[in-house]
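Dear colleague,

Please find below the structure that I would like to hand over to you. My notes on it follow directly after.

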Amino acid sequence: MIFAALLGILIGFQPAPAVKLADGFDPASAGLAAADIDGDGHPEIIVWSANGVKVYKNGSARPVDCGLGAIQDVISITPGDFNHDGLTDLAILTKSGAEVWANRKSKFEKPKFEKLNVFIPEGAYNKAVWVDYDHDGSLDLFLLGDKSVLLRNDGAAGFTDIHNNFPFVAGRAVDGAMLGTDLVVIYSDRPGVLYLDKMSGRYEAQDLNIIPAGAKSIAALDLDLIVATDSGIFPIFNRRGTFERGPLITRSSSALAIVDHDIAVSGSIFRNEGSGHFSETKVPALDAVALITVDFDADGRADLVAVQHDGTLILLHYTWGRRHPAWGW
Ligand SMILES: [Ca+2]
Ligand SMILES: [Ca+2]
Ligand SMILES: [Ca+2]
């Protein structure tokens, strides 16, 4: 331990042990999001699995009771303040459908989520994406799944399903990422699709054949894309609208998170050296099934939060070395 610390000083890294925050999550269905739930300006960790939803205050092990305890079979949760009150609301996808929960926290009181009465077509959804698709200043809701829908936010009038006015390509959507104001969607049964924002609520669907059918997850890294498939993780470089596949970053097909300009996967951080090159730093403490980056104190230095294969929730602090930022392990 002392030797490791000394070595750390010598080579410029600052080892910090992984902090265990909680356990008992189902690793097969676990996922993570970060959002400021209690309105104090600092993000909470939202963790879900088939065993339910838990919220932890600002990177601590302190649970926040906010009325989500009864929700079961969660597939994914996407935070977004759709009603402009400064409090983060949630789109929650479960095995029984999609729900919108409004954050009804009032001053000096605990946050409390209330399920809204929104008509959402029944379906199997995998991922919700809040986007102001028509640029009217209010977040609208994409629900990506076997039959994707778009719910327009009509303010006090609620949400309106307008999927007939959006050029959804038929396919089983798995995940999506925003590339500027464009939406990229990956599918289990067809190649990816780029939905190009033509402004005023008009979009044009373009095949992204460079993303194979069956891709598992997608994330934007600056204006490029990072795609995870069963055979590994690779970048897709965006050359001003022309897309070019880069070399495999890793054969691992684990959870991934974008950390500033780098990529975190289970067991490693891949530093972005520029020009499409990534160098690997092993992080053995990271045995993750779900990963997220969170900057808890808004100092520009993000920490990593993971659900591990054993169902524990851990926090890995980001520390600074002599030349490069380093990951604690
Ligand atoms: Ca907070
Ligand atoms: Ca809100
Ligand atoms: Ca809108």
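The secondary structure of this chain consists of 1 helix and 29 strands. The radius of gyration is 20 Å, close to the 20 Å given by the globule rule for 329 residues, so the chain is as compact as a globular protein of that length. Please bear in mind that this is a predicted model.

Overall dimensions and confidence

The C-alpha trace spans about 60 × 50 × 30 Å along its principal axes. Of the 329 residues, 40% count as buried. Among the contacts with a separation of 6 or more, 40% are made by residues 24 or more positions apart.

The average pLDDT of the chain is 90, and 91% of the residues score at least 70. Over residues 4-15, however, the pLDDT is below 50, although this stretch has 17 contacts in the model beyond near neighbours in sequence. The pLDDT also stays under 50 over residues 320-324, where the model has 10 contacts beyond four places in sequence. I would ask you to read the contacts of these two stretches together with their scores.

The sheet S2-S3-S4

One open sheet contains 3 strands in the order S2-S3-S4, and its pairing is antiparallel. Strand S2 (31-35) and strand S4 (52-56) are at the edges with a single partner strand each, so one side of each has no neighbour in the sheet. From one strand to the next, the twist averages 20°. Strand S3 (residues 44-49) is joined to S4 by 5 bridges in the antiparallel sense. In this pairing, Ile46 lies opposite Val55 of S4.

Strand S6 (residues 89-94) and strand S7 (residues 97-103) are an antiparallel pair with 5 bridges. Together S6 and S7 make a hairpin, with 2 residues between them. Thr94 stands opposite Gly97 in S7. S7 is also joined to strand S8 (residues 113-115), by 3 bridges and in an antiparallel arrangement. Here Asn103 faces Phe113 as the residue opposite in S8.

The nonpolar core

In soluble globular proteins, nonpolar side chains tend to be buried together. Which residues touch the most other members of the largest nonpolar core here? Of its 94 residues, they are Leu32, Ile46, Leu256, Leu291 and Val307. Strand S25 (residues 288-294) gives the most to this core, contributing 6 residues.

Val307 deserves a separate entry. Beyond its neighbours within four places in sequence, Val307 is in contact with Phe25, Pro27, Ala30, Leu32, Val47, Ala288, Val289, Ala290 and Leu313.

Ile226 and its surroundings

Ile226 is found in strand S18, which covers residues 224-229. Is Ile226 buried or exposed? Ile226 has 23 C-beta neighbours inside 10 Å and therefore counts as buried, the cut-off being 20 or more. Leaving out residues up to four places away in sequence, Ile226 touches Ala219, Leu221, Ile233, Pro235, Leu256, Ile258 and Ile263. Ile226 and Ile263 are 37 residues apart along the chain, and their C-alpha atoms are separated by 8.7 Å.

With kind regards

Definitions and conventions. Residues are numbered from 1 along each chain as its sequence is written. Chains are lettered from A and ligands numbered from 1 in the order in which they are written. This is a predicted model: local features need pLDDT of at least 70, side-chain atom pairs count only at pLDDT 80 or more; totals for chains, interfaces and linings use all residues. Helices (H or I, at least four residues) and strands (E, at least two) are DSSP runs, numbered from the N terminus. The radius of gyration is taken over C-alpha atoms; the globule rule is 2.2 Å times the number of residues to the power 0.38. A residue is buried if 20 or more other C-beta atoms lie within 10 Å of its own, exposed if 12 or fewer, and partly exposed in between; C-beta atoms are placed from the backbone. Two residues are in contact if their C-beta atoms, placed from the backbone, lie within 7 Å. Two strands pair if DSSP finds at least two bridges between them. Axes are lines fitted to C-alpha atoms, for helices over the stretch in contact, and angles run from 0 to 180 degrees between N-to-C directions. A nonpolar core is a set of buried Ala, Val, Leu, Ile, Met, Phe, Trp, Tyr and Cys residues joined through C-beta atoms within 7 Å. pLDDT is the predictor's confidence in each residue, from 0 to 100.
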